[in-house]
Amino acid sequence: MSSIGFTRGETPYKNRDALLDDYTPDELVGRDDELKEYQSLLNPVIWGDQPNNIFLYGKAGVGKTAATRFMLGQLEHDAKQYDDIDLSTLHINCDGLESSYQVGVEIVNSLRDSRNQISESGYSKAEIYNKMWRALEQTANTILIVLDEVDHVRKDDSILYQLSRAHENGKLNETKIGVIGISNDMTFRSHLSSKVRSSLCERELSFSDYNAAELKKVLQQREAVAFKDDAVADGVISLCAALAAQETGDAREGLDYLLVAGDLARDEQSQIVQESHVHQGKKKVERQTIVKGLADRGEQARYVAYALATLLAEEQQPARFTDLYTRYESLTSRTGSRTLSERWVREHLQSLGMLGIVSIEEKNEGVSGGHYNLYGLNPKLELVVEALDETLDMVGVHDSISDYVDH
Ligand SMILES: Nc1ncnc2c1ncn2[C@@H]1O[C@H](COP(=O)(O)OP(=O)(O)OP(=O)(O)O)[C@@H](O)[C@H]1O
Ligand SMILES: [Mg+2]
């Protein structure tokens with residue numbers, strides 16, 4: 001029997017937690033323009049005016065959540081100097097909340113104390129809304145409600161309207177609320193009814209992708225908190241920044257390169273993180289990024305990606321939409337889940353394109369050939385297949401990709 005033992009040895013880390021996703025940095029670097037704009041949108045709160053409803057969008061990992069937490073923390077702090085403002089902020093992550101009912105329950109429960117929570121079913125929607133208005137009025141005179149990853153609310157989005165129009169509709173007497181919707185799904189906005197869009201997206205703020213120089217700043221700042229002095233070799237930060245910039249412009253991905261490399265160094269009992277550790281961990285991080293992207297977009301997006309992967313495995317070249325749709329239909333029919341219309345499948349392709357997973361090439365062959373798109377995958381096929389692991393379990397492994405699957 002081999003013997004396994006756990007012992008502590010050398011480590012490059014001072015505070016590894018600072019590389020994890022839920023760490024809020026003290027300072028945000030590389031987002032100066034965005035923060036300035038954000039500040040001016042939040043400014044009415046300091047004057048005791050009706051807050052703006054803000055819709056914040058940008059790709060995954062461009063700092064939307066981090067900037068929001070940072071700005072609202074600052075705002076709460078600064079509002080304390082004015083006696084007439086009693087500000088409260090609420091950060092709701094909508095991942096896992098599909099309907100307005102669920103969002104409503106979440107809001108009520110996060111405002112109530114732990115002994116007074118309501119259950120997730122058994123009320124009418126109107127009752128939930130009433131409980132929500134009451135809880136809001138009892139909380140503060142100004143409330144900012146952040147609905148992060150709001151695109152997950154797909155089933156029934158009436159709450160977005162209810163909250164963002166609460167003032168006009170006289171739902172609240174004393175309390176002023178502002179809604180901050182955050183999404184990395186650029187197609188989400190266009191799916192909102194015009195009524196919801198005009199109120200929720202009253203003011204829009206967009207965060208651009210990070211370039212390598214900005215990512216480097218973000219990573220340098222985090223390096224100083226997470227690692228001991230001189231524990232990260234020259235070139236490591238630039239390498240992580242360059243890899244992340246080239247893939248997606250996602251700061252999370254850059255931080256992951258650093259974390260995986262740091263862990264590899266620690267496992268080797270080394271005090272120094274080297275470029276070789278980053279190279280070793282590269283595939284793992286790329287896979288994680290794809291898995292997260294696909295998880296964010298839900299089951300149907302994974303079927304679409306799966307259909308595309310099988311076609312590319314067969315043909316080794318970009319696919320036309322009609323072929324892709326036919327394959328998608330045949331895959332979903334194996335699972336018993338819904339088959340979406342062509343329009344929705346196109347939307348999923350667009351949004352996978354924004355994630356950097358799908359490549360979309362426009363072809364214009366004039367009058368004879370017409371106008372069409374060709375779809376490919378950006379990451380290596382084997383990485384996408386690996387990331388689709390669970391989907392494969394549900395749908396079964398298509399013949400075309402069996403060579404890519406570990407048996
Ligand atoms: N400008 C920045 N300065 C410091 N850290 C940053 C900055 N931008 C992003 N980060 C860090 O990168 C990670 C990803 O950022 P964040 O969670 O804010 O992305 P996001 O835009 O909300 O992405 P998603 O759409 O996937 O939710 C977090 O750990 C965050 O702390
Ligand atoms: Mg976020």
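Is Arg31 buried or exposed? At 1% relative accessibility, Arg31 counts as buried, where buried means under 20% relative accessible area, exposed over 50% and partly exposed in between, with a 1.4 Å probe and protein chains only.

The structure is a predicted model, in which local features need pLDDT of at least 70 and side-chain atom pairs count only at pLDDT 80 or more, while totals for chains, interfaces and linings use all residues. Residues are numbered from 1 along each chain as its sequence is written, chains are lettered from A and ligands numbered from 1 in the order in which they are written, and side-chain values use heavy atoms, with hydrogens and water left out.

**The chain as a whole**

The secondary structure comes to 16 helices and eight strands; helices (H or I, at least four residues) and strands (E, at least two) are DSSP runs numbered from the N terminus. For 407 residues a compact globule would have a radius of gyration near 22 Å, and the value of 24 Å for the chain agrees with this. That radius is taken over C-alpha atoms, and the globule rule is 2.2 Å times the number of residues to the power 0.38. Along its principal axes the C-alpha trace spans about 65 × 60 × 55 Å. Of the 407 residues, 49% count as buried. Among contacts (heavy atoms within 4.5 Å) between residues at least 6 apart in sequence, 73% join residues at least 24 apart.

The domain assignment gives domain 1 (31–206), domain 2 (211–273) and domain 3 (289–404); such bounds come from an automatic or database domain assignment. The C-alpha centres of domain 1 and domain 3 lie 34 Å apart, and 10 residues of domain 1 are in contact with eight residues of domain 3.

Arg31 is found in the segment before α1 (32–46). Leaving aside neighbours within four places in sequence, Arg31 is in contact with Val62, Phe207, Ser208, Asp209, Tyr210 and Glu214. Its side chain reaches two backbone oxygens, that of Val62 and that of Ser208.

Thr65 lies in helix α2 (residues 64–79) and, at 29% relative accessibility, counts as partly exposed. Beyond four places in sequence, Thr65 is in contact with His91 and Asp148. The side chains of Thr65 and Asp148 make a polar contact, that is, a pair of N or O atoms within 3.5 Å; within protein, one must be able to donate a hydrogen and the other to accept it, and residues adjacent in sequence count only if both atoms are side-chain atoms.

The distances for these side chains are as follows.

| Side chain | Partner | Distance |
|---|---|---|
| Thr65 | Asp148, side chain | 2.7 Å |

Phe55 is found in strand β1 (residues 54–57) and is buried, with a relative accessible area of 1%. Outside four places in sequence, its contacts include Val150, Gly181, Phe188, Leu200 and Leu205. The C-alpha atoms of Phe55 and Ala242, 187 residues apart along the chain, are separated by 29 Å.

**Helix α9**

Helix α9 (residues 236–247) has 12 residues, which at 1.5 Å a residue should span 16 Å; its end C-alpha atoms are 17 Å apart, in agreement. The expected span is 1.5 Å times one less than the number of residues. Val236, Ile237, Leu239, Cys240, Ala241, Leu243 and Ala244 of α9 are buried. The buried residues of α9 pack against α8 (212–226), α10 (251–267) and α11 (275–315). Gly249 follows α9 and has a positive phi, near 75 degrees.
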